[in-house]
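Keep your viewer open and your selection tool ready. Each stop below tells you what to select and what is there.

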Amino acid sequence: MTEKLVKRAYVETYGCQMNISDGELMEGILEHSGYIIVGSPEEADVVLVNTCAIREHAEKRVLGRVSQLNGLKQDKPDLIIGVTGCMAQRIGSTLLDQAPYVDIVMGPDGYRGLPETLRRLGIASADKDEEHAGPVSASASAPSIEVVSESKKRGPQLAVLKLDIDENYQGLEQRRQDGPSAWVPIQRGCDHRCTYCIVPYVRGGEKNRPFDEVLAEVRRLADRGVTEVTLLGQTVNSYQWGDLLFPGLLRLVAQVDGIRRVRFTSPHPRDVNEVLVEVMATEAAVCEQLHLPAQSGNNRTLKRMLRRYTVDMLLEKIDMVRKSIPDIALSTDIIVAFPGETDAEFRDTLDLMRTVRFDEAFTYKYSLRDGTPATRFPERDFIASEEAQTRLAELIELSRQIQGQINSSEVGRVEEVLIEHQGRDPGQVRGRTRRNKVVVFDGDVERVGDYAHALLERTTGATFSGSEVAYSKPEMALV
Ligand code: 5AD
Ligand code: SF4
């Protein structure tokens, strides 16, 4: 008779919100096949490091962490270490040579096969029935597991790296923390080929989730008390399922009973159109917030980035959004020192920032990613790191200045806040406004999940502190 042992798994995730969602998905798959999810590697039989590949810095951090886990393996020789996610897909089985203590390397389309892969390593949680290789999907094929090395001492090293265009994650369920907000992936992969970006190569082409599955998930979340959902996708607004385009899905989600706030990230500027803006403006649950990655404020750079819009097109879209939703908060992503970017071209990006006045900007130095088209630019185009750093510092300074000015002008407003966490100090809570601004105010931790109204009293530049106020809807003016 097989020993009935429940195995313990720990998933540690790095990177973007999509990856965090994938981490929860792996936890869900493992839990479903009988594993217990634990909160630290020390308690675990299986540790999965779920990695990001978007910039070199992110990868270096993760490699350091993985070698640290090898220390743990010295004390627990049976510990299984898996590296999953975008970096695993990018580096592939070479990682298993570089780090012989890693047992599994698995890309983003392999997660359904996680229980089966662990079984091949002689580890399986026998709590639930043995049938489970993850919930079945009509479309996805069996995991393609490659044995990369076989050592008597260490056992086999396995690679699951096939990108599977049919894997749309149907039937798989995330393991979610309790809380008022949830992220809901509606799309994975990307059909664009921005020349700096590794995503299409590690996550494959765009794959959308069936809309009825998305809606059913949102309804289940609402039944569990979730009131805010953020729809996730690499180019979320290019979502399509049959005749249903993204604005249609957004409307359906916004109308689910119990859902009070809907956000989505990240849209591609090309697919911001009148229909989308109309839904944003008319559906009460859709928040007055838009993250719109601009990447650059210079046309030649945008063209060489293959962004497929010009600065004027971007400004027109922003105008259209602001006309319909005047109070909208806008955020963006910007890359500086893209190969070949001249100083004057960088200054165009500063001009774009001054023109649009984004509420928040996430700013990055270009990071060379092997395998992306930009690596083929002439060597002389690559910008020295000191120069890149100078540009980044100037951009950050400007965006902080603008953010500080905007936020200072918002002091005195009363805003609806969804209380998300306890604040740093006891007796304080922290939440977000519909416009995605963080507010801290006095309140009991029991209030997490509540909607309150807060007077914004002070700003640090980036966040607000305030106090809760009684609020009743403004009376209709009598004419
Ligand atoms: N170098 C620097 N930043 C990058 N991003 C994507 N790829 C790179 C790269 N190679 C940034 C983009 C994107 C954000 C998530 O990360 O701004 O919108
Ligand atoms: Fe990368 Fe461009 Fe796709 Fe965004 S749209 S994931 S930047 S290739």
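Start with the shell around ligand 2. Its residues divide into six nonpolar, four polar and one charged. In this count, Ala, Val, Leu, Ile, Met, Phe, Trp, Tyr, Cys and Pro are nonpolar, Asp, Glu, Lys and Arg are charged, and the others, Gly among them, are polar. Select C190, H192, C194, Y196, C197, V199, P200, Q234, T235, H268 and R307 to show the residues that surround ligand 2. A residue belongs to such a shell if one of its heavy atoms lies within 4 Å of the molecule.

Two notes before you move on. This is a predicted model, in which local features need pLDDT of at least 70 and side-chain atom pairs count only at pLDDT 80 or more, while totals for chains, interfaces and linings use all residues. Residues are numbered from 1 along each chain as its sequence is written, chains are lettered from A and ligands numbered from 1 in the order in which they are written, and side-chain values use heavy atoms, with hydrogens and water left out.

**Ligand 1**

Now select I54, R55, Y196, Q295, D333, I335, Y364, K365, Y366, S367 and R369, the residues around ligand 1. By class, this shell has five nonpolar, two polar and four charged residues.

Which atoms of ligand 1 lie within reach of R55, D333 and S367? An N or O atom in the side chain of R55 is 3.0 Å from an oxygen atom of the ligand. At D333, a polar side-chain atom lies 2.7 Å from an oxygen atom of ligand 1. S367 uses its backbone: an N or O atom there lies 2.8 Å from a nitrogen atom of ligand 1. A polar contact here is a pair of N or O atoms within 3.5 Å; within protein, one must be able to donate a hydrogen and the other to accept it, and residues adjacent in sequence count only if both atoms are side-chain atoms.

On its own, ligand 1 has 400 Å² of accessible area, and the protein covers 86% of that. Accessible areas come from the Shrake-Rupley method with a 1.4 Å probe; for residues, only the protein chains shown count as cover. Colour β16 (329-336) and β17 (360-365) next, the elements that give two or more residues to the shell around ligand 1. Helices (H or I, at least four residues) and strands (E, at least two) are DSSP runs, numbered from the N terminus.

**The second largest pocket**

Select R55, E56, H57, K365 and S367. Of the 22 residues that line the second largest pocket, these lie nearest its centre. The elements that give two or more residues to this lining are α2 (56-75), β17 and α13 (385-410). The largest share, five residues, comes from α2. The pocket volume is about 490 Å³. Its lining divides into 12 nonpolar, five polar and five charged residues.

On a 1 Å grid over the protein atoms alone, a pocket is an open set of points with protein on both sides within 12 Å along at least five of seven lines, a cavity is a set where a 1.4 Å probe fits but cannot get out, and lining residues have an atom within 4 Å of a point. Points are joined across faces, edges and corners, and a volume is the space filled by probe spheres set on them.

**A cavity**

The count comes to three cavities of 30 Å³ or more. For the second largest cavity, select L25, Y169, L172, E173, Q174, P185, R188, R209 and E217, which line it. About 50 Å³ of space lies inside. Its lining has four nonpolar, one polar and four charged residues.

**Q187**

Go to Q187 in strand β9 (residues 187-188). Is Q187 buried or exposed? Q187 is buried, with a relative accessible area of 1%. Buried means under 20%, exposed over 50% and partly exposed in between (1.4 Å probe, protein chains only). The Q187 side chain reaches the backbone nitrogen of V236 at 3.4 Å. It also makes a polar contact with the side chain of S238, at 3.3 Å.

**Backbone stops**

Most residues other than glycine have a negative phi, and most peptide bonds are trans. Select L306, in the loop between α10 (299-305) and α11 (311-324). L306 is not a glycine, yet its phi is positive, about 60°. Finish at the peptide bond from T265 to S266, which is cis, with omega near -10°.
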